[in-house]
Every structure is written in structure tokens, then in C-alpha cells.
Amino acid sequence: MSEQKESSVLFSLKELMNLEEDRIKTEEAQKAAAAAAAEKARVEAERAAREAEELRIRTEEERRRSEERRAREEAARLEAIRQAEIEKARVEAEQKARLEAMAAQQHHERSLAALQQDESKKKLRKLLIGGAIASALVVGVITVVAVKSAQEQEARIAAEAARTRELEEANKRLEAQFKESESKMAGLRDQLASAKDEATRLSLQKQLEAEQQKQEQLRRGGGGRPAAGGAPASGGGAKAPCNCAPGDPLCSCL
């Protein structure tokens, strides 16, 4: 009878131990599952954040490109208007000079015809001839001034076109630097997500922050964008001399 009781007690103890081991294993499995779920959630959150950042960057890039395209189209439109105004002013100046020359010539011919009928007016004829010559000289001077003004305006337009090309090249360089920075930041994020030790994560985080600061400088235009036309940003330089012809309606010095 005593041996049966001892066996029963041993069986109960063994059963309790088995139940305790099952409970411990169940808790450990639950903890492992919770840890795995938390790690999966963290990875998913990082991936979602990375994708959201990439989408934001792509959207910003598209917006910037659209603004640059509109700026180039507007510059081309203004350039076409300026060229048309220059051509119109040149044609009008030439027409005016030809009309004045024709009027002077007609006046001179009428004066000569009248003088041929009256020999007593030789002195007056000489004066009229001198006046016609003077008129022709004035017309010639007007023509030269108009042509010179058109040439100077064309030279200014060519200089503005060169400055526009320089700005476009600078924008291309800035865009390349921006893309390179984006690629580097994406690589650093991937490395940071897969880093195992704290020292590596800290090092990668510092590199990522430095690259973000660099990108912010590029976004603010601090990546080496030249000033328009190479002119100094401050107003302390000497003003360029005005080379416009007198009375030029297109003169930029006004």
C-alpha cells in the first residue's frame, strides 16, 4: 500500500514537472513569436518610410523639372519677342532713312529744275546744293547710328543667351549632384536597416545625416550654382558704361 502511494506521488510530481516544462516552452514560443512580429513590424515600418521618402523625392524632382521647363519656355518666348522688337526697330530706322533720303533728293531735284530756268539765281542754287549735300550727310549719319544700335542690341542678346546657357549647365550639374546624393542616401539606409551592431549603426547614421545636410544645401542652391551672368551678388561693383545710341527706344540703360 505504501509503495502504491509513493508511485502515485512520483507520477503526480512527474506530471506536474511535465506541465511546467510545457508552460515554459509555450511562454518562450510566445515571446519568440512576439519578438519576430515586432522585428517584422519594424522592418515594414522602415520600408514604408523609405518608400514614402523616395516618393516625396521623386515628386519634388518632377515639380522642379516642370518649373525649369516652364522657365525655359518663358525665356524662349521673351527672347522671340525681343528679337522681333529689334528687327522691327531696325526695319523702321532703315525705312525712315530711305524716306528722308528720297525726300532730300526730290527736294534737290526740284530746286535744280527751278534754278535752271533762272540763271540769275546761281548763288541760291549753290546754297541749295550745299543744303542737299548736308541733308544727305545727315541721313547717312542717321542710318549709321540706327545700324550700330541694332548691332549693339544683338550683341547684348547674344551675351544674355550665353548667360542662359551657363545657368542651364549649372542646373544640370546640380541635378547630377542631387541624384548622386539620393543614390548614396538610399545605400546608407539599406546598410542601416541591415546593421547588426550599435557602432556600425551610429557610423551609418552620421554618414546619412551628413549626406542629408549636403542634399539640403543642394536644394537651397548651395551646390555651386553660379550667379546670373557671373556678376557679383552685392551691388558694390562699378556700373558698366552705357553704349546705347542716343534716342534708342530699346536701350537697357534707361
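Modeller: Accessible areas come from the Shrake-Rupley method with a 1.4 Å probe, and for residues only the protein chains shown count as cover. On that basis the protein chain exposes about 18900 Å², and carbon and sulfur atoms supply 58% of it. This is a predicted model, so local features need pLDDT of at least 70 and side-chain atom pairs pLDDT 80 or more, while totals for chains, interfaces and linings use all residues. Residues are numbered from 1 along each chain as its sequence is written, and side-chain values use heavy atoms, with hydrogens and water left out.

Biologist: Why is Ile157 called buried?

Modeller: Buried means under 20% relative accessible area, exposed over 50%, partly exposed in between. Ile157 comes in at 3%, so it counts as buried. Of the 254 residues of the protein chain, 15% get that label.

Biologist: Where does Ile157 sit, and what does it touch?

Modeller: Ile157 belongs to helix α2, residues 122–194. Leaving aside residues up to four places away in sequence, Ile157 touches Glu79, Arg82, Gln83 and Ile86; contact means heavy atoms within 4.5 Å. Take Ile86: it is 71 residues from Ile157 along the chain, and their C-alpha atoms are separated by 9.9 Å. Across the protein chain, among contacts with a separation of 6 or more, 70% are between residues 24 or more positions apart.

Biologist: Why is Leu13 called partly exposed?

Modeller: Leu13 has 44% relative accessibility, so partly exposed is what it counts as. Leu13 lies in helix α1, residues 2–116. Together with Leu16 and Leu19, Leu13 makes a nonpolar surface patch of about 290 Å².

Biologist: Which residues form the positive patch?

Modeller: Arg69, Arg70, Arg72 and Lys172 form it. Patch residues have over 30% relative accessible area and no salt bridge, with like charges joined within 9 Å and nonpolar side chains (Val, Leu, Ile, Met, Phe, Trp, Tyr) within 5 Å. A salt bridge is a Lys or Arg side-chain nitrogen within 4 Å of an Asp or Glu carboxyl oxygen.

Biologist: What is Arg70's label, and why?

Modeller: Arg70 is at 47% relative accessibility, so it counts as partly exposed. Arg70 is in helix α1, and α1 gives the most to the positive patch, with three residues.

Technical notes: Helix = DSSP H or I, 4+ residues; strand = E, 2+ residues; numbered from the N terminus. Buried < 20%, exposed > 50% of the residue type's maximum accessible area, 1.4 Å probe, protein only. Lys, Arg positive; Asp, Glu negative; His and termini not counted. Charge placed at Lys NZ, Arg CZ, Asp CG, Glu CD.
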